[in-house]
Structure formats: structure tokens, C-alpha cells
Amino acid sequence: MRILVLNGSPKRDRSDTMVVTRAFLEGMNEAAPQDVKVIDVIDKHVEYCTGCFSCMFGAGGCVIEDDMRGILEDILSSDLLLLSFPLYCYGMPAPLKAVIDRVLPLSSMEMQKSGERYEHVGRNDLSGLRYMMICGCGFPNSKHNFEAVVMQFRLLFHGSGIALTMPECPMFNAKAAEPVTGPRLELVRRAGAQFASGGAIDEALMAEICSPMIPEEVYASIVNSGVK
Ligand SMILES: Cc1cc2nc3c(=O)[nH]c(=O)nc-3n(C[C@H](O)[C@H](O)[C@H](O)COP(=O)(O)O)c2cc1C
């Protein structure tokens, strides 16, 4: 499978979330060899969409010449688009959002009804493309935190796709936390293997992965003890 990872963390390789993403990809690779390309979005020159809509009329195409052309080509030649990013203010980091806004050239202005809503008609056959997001965050609570970004992901990608959300994510780069992060990464690897071999992940396994690794109040007190 050709996998395009858009790493939305400005921390690049040092991203807490990418520790989880790498474990997922390892699991996929164990099931079958994968062709993975990782783009650190922070290093790309991607201008903000100006909202001119030139791309959505006629032959289309964006009027801005920057790295987004290559990213669109990469998306079109992938089987899985994996967005890996930290939760920033209950959403995705701005550089990744800039990329997502700039995928507009993949659609035309024509609108069609899809279930209870309307969406633009695509210019390309993306029926073979799967979508996934892996989002890590710094608070221990998984409720009242990820809802907005998961809803955005679902609306963007037609309700399909897998959303893996991980609270207490800074623990993945803390050596002292390895006794708890190690087993959690093992579960993530198992999910990756399941996805690669069957195209889906067991619901109970996903629920376990997305739950806090240590009790919320313990995590909060550890963080607080290092603040003062
Ligand atoms: C600007 C900014 C906004 C953040 N907003 C949230 C938030 O809304 N909820 C949360 O739980 N953590 C929030 N965090 C914490 C990060 O999600 C957390 O540190 C995460 O582990 C960073 O992941 P990364 O290393 O992959 O970039 C925020 C961090 C920053 C810098």
C-alpha cells in the first residue's frame, strides 16, 4: 500500500504523535510491506488559500505555484492518506490546516447531495483512497477535547476513515513512562497489523488505544509537579 503521512507537528521527528504513528506503520509493515512517504508539513512552502475559487471552475488548477502541487500529486498517487498531528486549540495545527484548505483543486464547484448534506463533486477518482488521522494531545481527558477535530475529519472525508486519538501524548517521549507507553504502543502496532490485513480495526482495541494510559488525576499531578 502507498501511504502518504502528512506530519502536522512542527516538532518533525520529535513529535509525540509521530511515536504513535510510527508504531502504527510498524504494525502495518509486519502484516505486509508498505511504501511509506512522510512529509513534514512545517518544512513545505504552502501559501494560504486566497479563496479565489479559480481551481473549482473550468479546467481547474491552483493559481499559486508552491509545494502544494507536489503534495496534491502525492495524495493522488496514494492508497492511504494519514494525517498525523498534535491537537492545537481543539483543532489541527495551522500549517496542516493550510494544506487541507489547498486540496480544493481536487473538487469542482458543482455540488451534489450526499445523505443529509451537500458536497462538491470530485475531479478525480479517489474511490481507492483511504483516510486516517492520528492525533495526540497534552491533556489527559479524551472527552471534551478531540470532538471538533474528529468531526472536521469526518466531514472532510465523507464520514469514512479511521480516527485514532491519544491523550497524555507527551508521555511517549518520556523515558520514565516506558513501562506504560511500551504496552500501549504494542496495541497500536496490533491495530496497524489489523488494518493492513483486513482494512479495519477492532472497535474494542481502538477504544483501549484511545483511552488514558494512567489515571487522569495522576497524569495531571505529574505534569503539575514539574511546573513550579
Ligand atoms: C498551540 C498549542 C495548542 C494546544 N492545544 C491543546 C488542546 O487543545 N488540547 C490538548 O489536550 N493539548 C493541547 N496542546 C498540547 C499538545 O497537543 C501536546 O503537547 C502534544 O503532545 C504535542 O504533540 P507533538 O509532539 O506531536 O507535536 C497544545 C499545544 C500547543 C503548542
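Two strands are taken to pair if DSSP finds at least two bridges between them, and strands (E, at least two residues) and helices (H or I, at least four) are themselves DSSP runs, numbered from the N terminus. On that basis Leu83 stands opposite Met133 in β6, one of the pairings in an open sheet of 5 strands whose order is β2-β1-β3-β6-β7 and whose pairing is parallel. The structure is a predicted model, in which local features need pLDDT of at least 70 and side-chain atom pairs count only at pLDDT 80 or more, whereas totals for chains, interfaces and linings use all residues. Residues are numbered from 1 along each chain as its sequence is written.

**The sheet**

- From one strand to the next the twist averages 15°, where axes are lines fitted to C-alpha atoms (for helices over the stretch in contact) and angles run from 0 to 180 degrees between N-to-C directions.
- Strands β1 and β3 pair in the parallel sense over 5 bridges, and in this pairing Val5 has Leu82 of β3 as its bridge partner.
- Strand β3 (residues 80-86) is joined to β6 by 7 bridges, the two strands running parallel; across this pair Leu80 stands opposite Arg130 in β6, and Leu81 stands opposite Tyr131 in β6.
- Strand β6 (residues 130-136) is in turn joined by 5 bridges to β7 (residues 162-166), again in the parallel sense.
- Between β6 and β7 the chain passes through helix α4 (residues 147-156), and the resulting β-α-β crossover is right-handed, a term that applies if, with the strands pointing away from the viewer, the path from the first strand over the helix to the second runs clockwise.

**Burial and the nonpolar core**

- A residue is called buried if 20 or more other C-beta atoms lie within 10 Å of its own, exposed if 12 or fewer do, and partly exposed in between, with C-beta atoms placed from the backbone.
- In strand β3, 7 of the 7 residues are buried, so the strand is largely enclosed by the rest of the structure; Leu80, Leu82, Ser84 and Pro86 point one way from β3, while Leu81, Leu83 and Phe85 point the other way, and all are buried.
- In strand β6, 5 of the 7 residues are buried, so this strand too is largely enclosed by the rest of the structure.
- The largest nonpolar core has 42 residues, and those with the most contacts inside it are Val20, Phe24, Leu82, Ile134 and Cys135; such a core is a set of buried Ala, Val, Leu, Ile, Met, Phe, Trp, Tyr and Cys residues joined through C-beta atoms within 7 Å.
- Two or more residues of this core come from each of β1 (2-7), α1 (16-31), β3, α3 (94-101), β6, α4, β7 and α5 (178-198), and α1 gives the most, with 7 residues.
- In soluble globular proteins, nonpolar side chains tend to be buried together.

**The ligand shell**

- The ligand is surrounded by 17 residues, of which the closest are Thr17, Pro86, Cys137, Gly138 and Phe139; a residue is near a molecule or strand if its C-beta atom, placed from the backbone, lies within 6 Å of it.
- This shell divides into 9 nonpolar, 6 polar and 2 charged residues, where Ala, Val, Leu, Ile, Met, Phe, Trp, Tyr, Cys and Pro count as nonpolar, Asp, Glu, Lys and Arg as charged, and the others, Gly among them, as polar.

**Individual residues**

- Arg12, in the loop between β1 and α1, has a positive phi of about 50° although it is not a glycine, and it is partly exposed because 13 other C-beta atoms lie within 10 Å.
- Val38 has its place in strand β2 and counts as partly exposed because it has 17 C-beta neighbours inside 10 Å; the C-alpha atoms of Val38 and Arg12, 26 residues apart along the chain, are separated by 10.0 Å.
- Glu168 lies in the loop between β7 and α5 and, as a residue other than glycine, has a positive phi near 55°; Glu168 is buried, because 29 other C-beta atoms lie within 10 Å.
- Glu110, in strand β4 (residues 107-114), is exposed because it has 11 other C-beta atoms within 10 Å, and its C-alpha atom is separated by 29 Å from that of Ile3, 107 residues apart along the chain.
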